[in-house]
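Visitor: I'd like to learn how to read a helix against its surroundings, and then a sheet and a pocket. Can you walk me through it?

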Amino acid sequence: MGLQAYTGPGWLLTKAEQLINWGRSRSPWPLPYGTACCGIEMMCALAASYDMARFGAERPSFSPRQADVLIEAGTITKKMVPVLRRIYDQMAEPKWVIAMGACACTGGVFRTYSTHQGISDVIPVDVYIPGCPPRPEGLLYALLKLMDKIQKDHPLRKQVVEALGG
Amino acid sequence: MGLKEKVQDLLGNDILDIVEYRGDLTIEVPKSKNVKILKALKEAEGLQFDFLVDIVGVDNSALYEKKKAKKKKPKGDEEAEEKEPVEEGPPPPRFEVIYLLLALSTNERLRVKIRVSEDDLEVDSITGLWRGANWPEREVYDMFGIRFKGHPNLKRLLMWEGFPAHPLRKDYPLEGQGEQRDFDDCRFF
């Protein structure tokens with residue numbers, strides 16, 4: 001029975017995961033990465049009238065080491081791609097990415113020589129927000145979607161599988 | 001004495017062309033004399049164009065091609081052909097470099113234009129006159145491939161180093177030629 005608790009969906013294991021997920025989803029500290037007009041909407045979502053802190057995104061972390069969610073708000077030029085990748089690599093696990101706006105998702109209207117056509121081939125994206133730019137409500141909705149996703153995660157299962165030898 | 005007369009007085013025969021359009025004065029000068037002329041405009045009493053607003057490059061090749069196509073077009077319409085005299089001789093130089101000047105004391109503006117042909121893409125740098133010409137000249141070099149002789153640090157300004165083309169030239173496709181900045185070591189998928 002004790003073994004079952006580690007292999008199957010046991011009571012203790014499930015509860016611990018829920019506890020971790022609860023904690024993670026309620027404190028998604030954002031790393032604001034505003035490169036264009038979406039950044040303005042993101043600032044608005046973070047500021048008083050929309051107040052993203054209500055959902056636990058309490059502290060916009062300008063250091064990637066202390067951030068959980070990279071909010072990529074704006075156009076990424078080809079010159080910027082290595083910078084974005086490095087910022088993402090500097091974030092500690094677990095980490096998530098929100099691609100905000102048409103430019104971050106697909107390159108948007110900037111189908112030109114200098115613009116990277118969507119960030120999803122540089123870093124993995126969890127939530128895409130369409131819009132040019134999206135309203136702050138859009139960003140809050142994406143954050144709620146991300147919180148749903150985090151709650152469905154299994155942070156311990158992977159470790160147990162590794163501990164039992166694959 | 002108006003600005004036009006003052007500039008004509010100062011530069012005399014060095015002016016190849018002078019156009020005033022809606023109060024904006026544009027002069028064209030020989031490429032080889034750009035530093036001398038800009039220095040004169042900067043220092044002359046009563047003019048003192050002491051502020052360099054910007055340096056821009058222009059690629060006129062598409063314009064010339066358009067004109068050429070227009071000339072050929074009217075076949076039956078002989079009147080139209082007569083109206084536009086066919087220009088003979090070598091085609092005009094492809095590129096232009098335009099200096100936008102402002103006189104802070106009188107608030108007058110002046111555009112100084114030089115023409116740069118495709119086979120001689122070297123222009124004297126004016127960083128000796130205005131240190132602020134550094135980045136604009138780098139931008140023109142980046143976008144059009146016009147080299148500035150005597151520039152202290154002529155590297156690309158906007159595109160990354162190693163970018164193979166000059167993207168504001170008219171023969172460069174808007175969507176690029178598939179250039180990617182080398183980031184193989186950080187590609188995820």
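Guide: Start with what the buried residues of H2(B) touch: they pack against helix H1 (3–11), E2, E4, E5 and strand E6 (122–124) of chain B. Contact means heavy atoms within 4.5 Å, and buried means under 20% relative accessible area with a 1.4 Å probe and protein chains only (over 50% is exposed, in between is partly exposed). Helices (H or I, at least four residues) and strands (E, at least two) are DSSP runs, numbered from the N terminus.

Visitor: Is this an experimental model, or a predicted one, and how is it labelled?

Guide: This is a predicted model: local features need pLDDT of at least 70 and side-chain atom pairs count only at pLDDT 80 or more, while totals for chains, interfaces and linings use all residues. Residues are numbered from 1 along each chain as its sequence is written, chains are lettered from A and ligands numbered from 1 in the order in which they are written, and side-chain values use heavy atoms, leaving out hydrogens and water.

Visitor: Which residues of H2(B) are buried?

Guide: In helix H2 (residues 34–43) of chain B, they are B:Asn34, B:Ile37, B:Leu38 and B:Leu41. Seen down the axis of H2(B), they fall within an arc of 95° (taken from the directions from the helix axis to the C-beta atoms), so they line one face of the helix. The general idea: an α-helix has 3.6 residues a turn, so residues three or four places apart point the same way.

Visitor: And the strands, in what sense do E4(B) and E5(B) pair?

Guide: Two strands pair if DSSP finds at least two bridges between them. Strand E4 (residues 95–102) and E5(B) are antiparallel over eight bridges, with B:Tyr99 bridged to B:Val112. They form a hairpin with six residues between them, and B:Asn107 in the turn has a positive phi of about 65°. Strand E2 (residues 24–28) of chain B, by contrast, pairs with E5 (residues 109–116) in the parallel sense over four bridges; there B:Thr26 partners B:Arg111.

Visitor: How many helices and strands does chain B have?

Guide: Five helices and seven strands, in the order α-β-β-α-β-α-α-β-β-β-α-β. Buried residues make up 40% of its 189 residues.

Visitor: What does the second largest pocket have in its lining, by class?

Guide: Five nonpolar, two polar and six charged residues. Here Ala, Val, Leu, Ile, Met, Phe, Trp, Tyr, Cys and Pro count as nonpolar, Asp, Glu, Lys and Arg as charged, and the others, Gly among them, as polar. A pocket is an open set of points on a 1 Å grid over the protein atoms alone, where a 1.4 Å probe fits, with protein on both sides within 12 Å along at least five of seven lines; lining residues have an atom within 4 Å of a point.
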